[in-house]
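Hi,

Here is the structure I promised to pass on.

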Amino acid sequence: MKRPDSLYRRLLIWLLVPLVGLGALMLVQAYLDARHTADRAFDRLLEAATLAIADRVQWQDDQLWLDLPPAALEMLATDAEERVFYALYDGDGRFITGNARLPGDTRPDRVHDSVHESARGDTLLYRDIEWHSLTLRQGIRRSRLEDWSLQERFEVRVAHTREGREALTLSLLRTNLAYIGVMAALAIAALLLAVRSALAPLTRLRRAIRARDPRTLTPLELTLPRELAELRETLNDLLARMRRVRANQERFIGDASHQLRTPLAGLSTRAELALRQDDPAAWRSALEAMQATSDSTARLAGQLLSLTRLDNPEATPDLAPLDLNALARRACRDAWASCDRANIDLGVEAEDTPLMIDGVAWQLEEALSNLIDNARRYGAHCITVRVTDGPPTLAVEDDGPGIAKHQRLLVLRPFYRGRDGGEGSGLGLAIVDGIARSHKARLTLEPMANDRGLSVAIHFTGDR
Amino acid sequence: MNGMLGRTRHREAERLATGVREWARPRVFSALWVAICLVVSTLPVQAEQTLRFSGSATPTEPLEQLTVHGALDIPQIRPLLEDFHHRHPFVTLTYRNLTTLELNQRFLAAETPSADVLISSAMPWQYRLANDGHGQTLNGPLADTWPEWARWRHELFAVTFEPIVMVYRQELEEDFGAPQSHDALLNLLEQHGDALRGRVVTYDPAKSGAGYSYAVEEARLSPRYWELVAALGSADAVLEETTGAMLKGLEEGKYWLGYNLLGSYARDVVDADPALKMVIPKDYALVTQRLVLIPTRAPHPTAAKRFVNYLLSEHGQRVLAERTALGAVHPALEGPGTANDLKSRLGEALRPIRLSPALLATLDDLKRRALLTRWQREFRRWQPSPSSGKPGAALPTSQTTSASRPDMTGENTSAAR
């Protein structure tokens with residue numbers, strides 16, 4: 001099972017991994033430094049030993065002569081009991097004396113390097129060599145005999161094993177390690193504290209949210225760091241929107257109950273009046289009136305239901321490809337009979353080729369029938385259902401009185417009747433708006449030419 | 001490489017009787033080595049002696065093989081080997097007694113060494129073997145607690161403690177008093193050099209590796225050593241090659257005073273002869289030690305480590321102290337024959353030859369020639385003529401030859417005997 005991601009862990013990892021990498025780099029650096037320091041210290045021994053030997057080189061019996069000072073060799077062996085090797089070579093590289101035939105160094109004389117040049121003008125060379133499966137540090141001194149008439153070149157080569165150097169390297173490294181270790185421990189401790197304290201406001205926020213009454217929508221009042229304050233503001237915005245939505249819902253429920261109660265009260269009154277009479281003809285007319293009222297009430301209830309369904313943000317309709325042209329023709333066919341009875345001219349302007357969009361057919365049919373119905377109710381004589389492409393648009397145009405500009409947004413609210421005199425429920429446009437929103441389409445209300453009439457259009461600009 | 005080289009010049013019977021092993025001088029020239037071999041092979045006795053203890057497997061331990069090459073006479077080492085065999089009956093032990101030179105040459109010549117342990121008194125050579133990486137590391141509680149001055153890198157262990165002494169006859173004490181220090185010896189020689197002409201004997205550093213290495217050490221200790229050499233020369237001191245030869249002359253009454261004898265060999269002789277007295281000089285006394293080394297390629301390293309651990313152990317060292325004249329190093333041991341005993345009596349005067357790279361300098365060919373030249377110059381300083389025909393004058397016939405080719409002269413002398 002994968003453990004859920006945690007900010008704490010994420011922060012720690014992102015801070016610790018570079019820290020550990022840095023620590024490793026510091027260790028390597030410390031080791032190299034220590035080794036270098038140890039080599040520098042011990043190379044002084046090589047220098048001193050070669051000097052002590054070179055001082056005792058003479059010219060005797062027509063050859064180079066060395067009265068080897070034992071102290072020179074003892075210098076090379078510290079407490080670490082290094083193995084010690086030495087050799088004297090003449091200028092032509094011939095072995096004169098020594099306990100090992102140490103290899104030469106091909107590097108040239110460093111004449112101008114003041115660091116590597118002693119007062120005598122000797123050249124000193126140091127390097128690590130592998131010799132007879134021993135790891136040695138070798139020091140070479142190139143020097144010359146300065147005599148009255150003689151300038152004989154010679155080379156003193158000494159070498160010893162690295163135990164002393166390694167011991168010094170280790171002890172230097174141990175000191176450094178202690179420092180690095182303490183620093184690492186402090187850094188990690190500080191890191192843990194820092195991450196913990198940085199995340200503390202988050203915990204406070206969580207507690208504050210958890211402690212709230214689920215029904216209250218009042219804003220959060222909490223002092224938080226900037227990053228979290230933004231989150232708090234966003235939360236408060238959401239809460240404000242929820243407050244508005246709830247107010248809308250309360251008003252809607254109020255309106256809906258009012259709307260339903262009025263026809264029901266009418267029905268009740270009508271029935272009461274009819275019961276007081278004995279005339280069957282009066283009964284009949286009452287029953288007819290009651291049937292019409294209950295029809296419209298049923299229609300109102302149906303509209304309320306579909307509006308509620310459309311307003312539910314969690315109900316995502318399954319969009320399917322459909323042909324707008326065919327849909328427009330079908331809607332006209334369905335509405336033609338009622339329009340014809342009211343002597344209204346209903347027409348379709350659509351291409352023959354299919355215009356495909358993703359949508360929910362029954363919702364769009366409902367929207368069209370609502371729009372046609374609306375136009376019919378509010379005194380249009382000519383209604384045109386128009387389908388155009390680019391972007392795909394479904395429009396219903398009428399030549400009725402139109403809607404004043406300041407009312408065009410208000411009419412989208414439920415139970416708002418912009419044009420008095422009609423017997424509509426005031427829900428039609430609200431439903432169309434809901435359908436347009438659920439299709440991510442844009443709804444526009446425009447007057448026709450001459451500021452007369454109304455064109456309600458659904459532009460399918462969204463994802464096709 | 002020049003150092004102590006062991007060479008049998010005595011008859012076997014003599015060596016066994018006196019328990020003396022001499023050091024001899026080294027030369028690396030192989031031609032010379034062939035010459036030495038020839039000389040050795042013409043001697044009536046074999047240079048090599050072998051002592052063998054056959055072991056048998058015990059219920060707990062399988063049979064082990066062990067070969068020890070030592071420059072240590074069999075009578076000296078026998079008690080030690082017997083005790084080891086008694087404690088480790090499952091080890092078949094072969095001890096081969098070789099001269100220091102043979103021991104070194106044999107080891108270096110062999111492709112796979114036959115020896116599991118090398119014991120030699122030729123400290124510079126043993127040191128050089130270890131320095132060149134021929135030694136195996138021995139760890140363990142015994143090796144770790146072994147005195148630091150008596151070991152090197154856990155590869156080389158000094159197991160004996162043998163002071164360099166003076167031996168004099170009673171006649172000397174009666175006539176001039178016995179010198180108890182180098183200073184007193186110098187005074188004696190300066191005041192009574194004429195009377196002692198030919199009656200003083202010491203090592204010939206040109207012919208004896210041991211004598212040479214003592215000369216190196218003494219010259220390092222004090223420049224006054226050269227005065228002593230000059231005084232020895234003015235007294236026409238006889239130069240011998242071995243402690244055994246010096247002891248023989250002292251026993252016979254030929255010499256009255258012997259300077260720089262190996263104490264471990266002199267002790268038994270002096271104990272047996274009431275006319276002889278042994279003095280460990282009070283101002284300083286060199287101490288030489290036998291060094292033990294396990295070769296890297298030893299065929300039986302387990303047994304070798306067992307043996308060296310035995311040598312380092314308290315019971316092994318007690319055998320050394322009580323049943324040989326070699327002297328025990330173990331810090332826990334007290335009483336006669338131990339380093340502690342000598343130290344408590346002589347204190348700071350004891351100068352053990354240090355296990356340090358200075359030993360390598362001893363082996364330097366040019367160094368050797370330079371020191372011998374100086375030694376001979378000092379020795380002849382007060383002599384009227386270099387080729388004096390006085391009896392007992394032991395100077396080589398040709399000084400230059402003795403300086404540069406000492407072994408050849410030495411060989412010729414011994415072959416002539």
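This is a predicted model: local features need pLDDT of at least 70, side-chain atom pairs count only at pLDDT 80 or more; totals for chains, interfaces and linings use all residues.

Residues are numbered from 1 along each chain as its sequence is written, chains are lettered from A and ligands numbered from 1 in the order in which they are written, and side-chain values use heavy atoms, with hydrogens and water left out.

Chain B has 19 helices and 14 strands (DSSP runs numbered from the N terminus: H or I of at least four residues for helices, E of at least two for strands). Of its 417 residues, 62% are buried (under 20% relative accessible area with a 1.4 Å probe, protein chains only; exposed is over 50% and partly exposed lies in between).

The largest nonpolar core contains 113 residues, and B:L66, B:V117 and B:F307 have the most contacts inside it. Such a core is a set of buried Ala, Val, Leu, Ile, Met, Phe, Trp, Tyr and Cys residues joined through side-chain atoms within 4.5 Å. Helix 13 of chain B (residues 301–312) gives the most to this core, with seven residues. Leaving out residues up to four places away in sequence, B:L66 touches, among others, B:F84, B:V117, B:A303 and B:F307 (contact means heavy atoms within 4.5 Å).

In chain A, an open sheet of five strands runs in the order 9-11-12-14-13, with mixed pairing (two strands pair if DSSP finds at least two bridges between them). Its edge strands are strand 9 (345–349) and strand 13 (442–446). Strand 13 pairs with strand 14 (residues 454–459) in the antiparallel sense over five bridges, and A:E446 stands opposite A:S455 in strand 14.

As for the interface, 22 residues of chain B are in contact with 23 residues of chain A. The two chains bury about 1,900 Å² between them, 48% of it on carbon and sulfur atoms (the accessible area, 1.4 Å probe, that two parts lose on being put together, summed over both). B:R153, B:P357 and B:L366 supply 31% of the area that chain B buries against chain A. The rule finds five salt bridges across this interface (a side-chain nitrogen of Lys or Arg within 4 Å of a carboxyl oxygen of Asp or Glu). B:E155 forms a salt bridge with A:R83, with the closest N and O atoms 2.6 Å apart.

Best wishes
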